[in-house]
Amino acid sequence: LKTWGVTEIGGAAVTHDTVFRIGSLSKGFTAALAGLAMNEGKLSPSDPATRFAPALRLARGAEATLELGHLLSHQTGLPPNAYDNLLEAGTPVADIYPKYRSVKLICPVGKCYSYQNIAFDVAGRAVSSAYGVSYADLLEMRLFSPLGMGSASADEEGLASTGNWARPHVRDRLKGQEDAYGPWRGAEITPIYWRVPSAGGVNASISDMTQWLKAVTGHQPGVLPRETLDLIFTPRVNSPAENIRMRSVSPRFQAAQYAFGWRRYAYDGEPLIAHSGTVEGYGAQIAFLPGRDVGIVILSNSRSKRLWRILPTFLDIELGLPREDWLALRDGAPAAGSK
């Protein structure tokens, strides 16, 4: 474990126990809970989505064919990030579900990949329904407490109550200058994605995420059995748009697929399981090489482009590949583009 920097400009140093928002890394926790419920016979990938979100509608009645497995692997047929703008504008989630009926699908349900947040959150409702407790309580009971993730939570109160949490930071694009930004500045917490906690609401420290990394790499079978990991890591759909995005970080990322709440790649031919996450002022990444029993977690209270270049640098070292200057630290090195 290693930390750098401060919780806020002029503030205390980041420690192993400083809590960050981890954005869409939350989807991996939701997938784990769903996988446990499936292995225990409480849920099935073929369960109708409308069982858990009765108000959900798709164009031409397509919600009748939408299943839990489609939600977990982003195969709803909706355009990418459908109605995240309404969520961010303050529209209640329950009011967004029926609005999807007016959105033209980009493919039939189950036939293509298209990343979602609001629709994915229905999976959190599914696991809550299966066990009869709230999503946040289920996280604590089945994952956080057994794994020793003592400062992890899934709401704003849980973040603030730690007394040691990293504040978000942003910077403004400079007008008239391509790829140029002003200095980093502190930003206000945006609570929107705590309203879809199973898609983007988890908070955790690097100490917490170390325990999570051990669990998803198979070292906590009493909490996450091998059959659960095999279920959630099985690729379900190709994600060609992700190939384009990640090749702007490193051309060694190839063969992008999506499983249940996790991404799959080949990195220079080596199998890689990973996910990245952002909310305003934060960035996070988790990745591991299942064939080599090694992985990494990165948490930040900013979204610098160099943040996304740490992973390929790490992978090049682990795989013994020719070292490229992915971090663009040398003069004249190419700049990176990322989410």
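Reader: Over the ring of which residue does the charged end of arginine 21 sit?

Author: This is a predicted model, where local features need pLDDT of at least 70, side-chain atom pairs count only at pLDDT 80 or more, and totals for chains, interfaces and linings use all residues. Residues are numbered from 1 along each chain as its sequence is written, and side-chain values use heavy atoms, leaving out hydrogens and water. A charge sits over a ring if NZ of Lys or CZ of Arg is within 6 Å of the ring centre and within 35 degrees of the ring normal. For arginine 21, the charged end is 3.6 Å from the centre of the ring of tryptophan 194.

Reader: How far from the ring centre of phenylalanine 260 is the charged end of arginine 236?

Author: Arginine 236 has its charged end over the ring of phenylalanine 260. The distance to the centre of that ring is 4.0 Å.

Reader: How many bridges join strand S8 to strand S9?

Author: S8 covers residues 270-279 and S9 covers residues 282-289, and they run antiparallel. Glycine 277 stands opposite alanine 284 in S9. The number of bridges joining S8 to S9 is seven.

Reader: Why is the pair of phenylalanine 253 and tyrosine 265 called edge-to-face?

Author: Rings of Phe, Tyr and Trp (its six-membered ring) pair if their centres lie within 6.5 Å; planes under 30 degrees apart count as stacked, over 60 as edge-to-face and the rest as tilted. The structure holds nine aromatic pairs. In this one the centres are 5.4 Å apart, and the pair is edge-to-face because the planes stand at 70 degrees.

Reader: Are phenylalanine 253 and tyrosine 265 buried or exposed?

Author: The pair links phenylalanine 253 in strand S6 to tyrosine 265 in strand S7, 12 residues apart. Buried means under 20% relative accessible area, exposed over 50%, and partly exposed in between (1.4 Å probe, protein chains only). Both phenylalanine 253 and tyrosine 265 are buried.

Reader: What is the relative accessible area of phenylalanine 288?

Author: The rings of phenylalanine 288 and tryptophan 262 have centres 6.1 Å apart and planes at 75 degrees, so they form an edge-to-face pair. Tryptophan 262 counts as buried at 1% relative accessibility. Phenylalanine 288 is also buried, its relative accessible area being 4%.

How values were computed:
Pairing = 2+ DSSP bridges. Helix = DSSP H or I, 4+ residues; strand = E, 2+ residues; numbered from the N terminus.
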